[in-house]
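Trainee: Please take a close look at the charged side chains in this model. I would like one connected account.

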Amino acid sequence: MDVINVHGNKGLTNQEISLTELECLAKDITKLPKLYLPYVAEADLLCLATGIFSPLHGFMGKDDYLSVTREMRLKDGTLWPVPITLPVPLEKETLIKNANYALLLNQDQEACAIIRIEELYFVDLEEEAQSVFGTTS
């Protein structure tokens, strides 16, 4: 039987963590900073977690974000036309800047994921709209 590769000729991304890592995180879950997901980010999270957005391994870092908005490709050259980012309110930036992980809560304030914080960066939403959609309206 032939295996069908997903977009980018890579296999589905696996977002599971080890039981040991989960146990370590669970001990400190109440101490993690909390981020509430807007509906779009919640849908993106589901797509990332289930491999629908393969080859992405998570929300885009700055290099991928800039490459996608400017060239419609991930930094490795894989075609990807729309940025997948996690918006962080400015008032939460200080809270998570020095954290390694954050707890993501859905619109019902239920925990739905723990995210490893790798980088924070600012985006120009007007520039993004113009680049991705060809308009700012």
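Mentor: A salt bridge is a side-chain nitrogen of Lys or Arg within 4 Å of a carboxyl oxygen of Asp or Glu. The model is predicted, so local features need pLDDT of at least 70 and side-chain atom pairs count only at pLDDT 80 or more, while totals for chains, interfaces and linings use all residues. Residues are numbered from 1 along each chain as its sequence is written, and side-chain values use heavy atoms, with hydrogens and water left out.

The structure holds one salt bridge. Its partners are glutamate 93 and lysine 97, at 3.8 Å from N to O. Both residues belong to helix H4 (residues 90-97), four residues apart, about one turn of the helix. Helices here are DSSP runs (H or I, at least four residues), numbered from the N terminus. Glutamate 93 counts as partly exposed because its relative accessibility is 22%, and lysine 97 counts as exposed because its value is 51%. The classes are buried under 20% relative accessible area, exposed over 50%, and partly exposed in between (1.4 Å probe, protein chains only).

Aspartate 44, in helix H2 (residues 39-50), is buried yet has no salt bridge. The nearest side chain of opposite charge, lysine 75, is 18 Å away; Lys and Arg count as positive and Asp and Glu as negative, with His and the chain ends not counted. Leaving aside neighbours within four places in sequence, aspartate 44 is in contact (heavy atoms within 4.5 Å) with Phe53, Phe59, Ile84 and Thr85.

Conventions:
Helix = DSSP H or I, 4+ residues; strand = E, 2+ residues; numbered from the N terminus.
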